[in-house]
Amino acid sequence: MTQDRKLDHIQLAFESQPGLMEHDQRFMYEPLLAAHPVDREQAFLFLGKMIRSPFWVSSMTGGTGVARKINENIAQACREFGFGMGLGSCRKILFDKTYWADFDMREIIGPDQPFWANLGIAQVESLLKDKNEQAIIDLVGELRADGLIVHVNPLQEWFQPEGDRIERPPIETIELLMSRMHLPIIVKEVGQGMGEASLKRLLKLPLAAIEFAAYGGTNFSNLELMREDPAMQEMYQPFAFVGQTAAQMVKSVNRLLQEIGEPQCRQLIISGGVKNYLDGYYLTSLSQLPAVYGMASAVLKHATNDYQELKTYIENQLKALRLAQQYLTLNPEYDGA
């Protein structure tokens, strides 16, 4: 009723005043130039497939008791809303099919959405050293995945009590992998991002995409440190606070495009510290390369229960994203990272 609404306005007038400290300066708000959005999806080509949402569920889990249900929920959401999925590390199923069902999601996600396998750089290095790249080809083929994500995680491996030692620079392993097989490859970090020199090397390779996994989200180096004894934690803790944010990395890539011209890699998955649709909209709008934005922990939180909870979360995120697309443009005077 109108009377109730007016009473609400009076009661909430003071509580609804945001402070200047919370002001989001990334955007110009343009209320005159568009109508309210309608629920109409606009498909676009990404990773060789037509997707309907500029969204990506970043690699997370597999090989644990609850992983299968989580991945099934995520795969179902990808199919329903039209976006892509990267599996968690597939190391456990390289030579042992005990947990295969945790990863085997192609039937659920369907043939039309991007679906990618995932291995760590240490495992790739070891397989190439043993001249067993066929194991990688078999893994991707049996999963009916579109390609392989290689996660580059030297700090995580160093801090992990059970970690492997990396014997050569990861870029050399990636180049060798690409020379020995013709699988589409995505390269990502695991929570601390990459600096300009690393990004420059990757942009010059014919990768399917670079995924940032930037500083600000789940940090697997720090996660492994938390499993260490207190003395090790104290010694290595400063490393948990280094890295590049997603905004820094987008700006680095934009600068590098001016330097190197036409890159071999022309797609980005912007992840790491992306908390919501506004972060995603800002970063993908800022990028000069075609990009989608990825979230992991936020999705994981809603994927652990029944599918309806995850569906509602994704629906609300995408509705809010469409609202942002109608009324917000980038603020040209904003220079924050």
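This is a predicted model: local features need pLDDT of at least 70, side-chain atom pairs count only at pLDDT 80 or more; totals for chains, interfaces and linings use all residues.
Residues are numbered from 1 along each chain as its sequence is written, and side-chain values use heavy atoms, with hydrogens and water left out. Helices (H or I, at least four residues) and strands (E, at least two) are DSSP runs, numbered from the N terminus.

- β8 pairs in the parallel sense with β7 (residues 148–151) over 4 bridges, where pairing takes at least two DSSP bridges between two strands.
- In that pairing, Leu148 sits opposite Ile185.
- β8 also pairs in the parallel sense with β9 (residues 209–211), over 3 bridges, and here Val187 faces Ile210.
- To get from β8 to β9, the chain goes through helix α9 (residues 196–203), and this β-α-β crossover is right-handed (with the strands pointing away from the viewer, the path from the first strand over the helix to the second runs clockwise).

**Helix α5**

- α5 (residues 121–129) is mostly covered, with 7 of its 9 residues buried.
- Among the buried ones are Ile121, Val124, Leu127 and Leu128.
- The buried residues of α5 pack against β6, α6, β7, α7 and α8; contact means heavy atoms within 4.5 Å.

**Helix pairs**

- α2 (residues 67–81) and α15 (residues 307–327) pack at about 40°, with axes 10 Å apart.
- That angle makes α2 oblique to α15 (under 35 degrees is roughly parallel, over 145 roughly antiparallel, 65 to 115 roughly perpendicular, and the rest oblique).
- Axes are lines fitted to C-alpha atoms, for helices over the stretch in contact, and angles run from 0 to 180 degrees between N-to-C directions.
- The residues that meet include Asn73 and Phe81 in α2, and Tyr307 and Leu318 in α15.
- α12 (residues 246–260) and α13 (residues 277–286) pack at about 10°, with axes 9 Å apart.
- That makes α12 roughly parallel to α13.
- Their contact includes Ala246 and Val250 of α12, and Tyr282 and Leu286 of α13.

Definitions and conventions
Buried means under 20% relative accessible area, exposed over 50%, partly exposed in between (1.4 Å probe, protein chains only).
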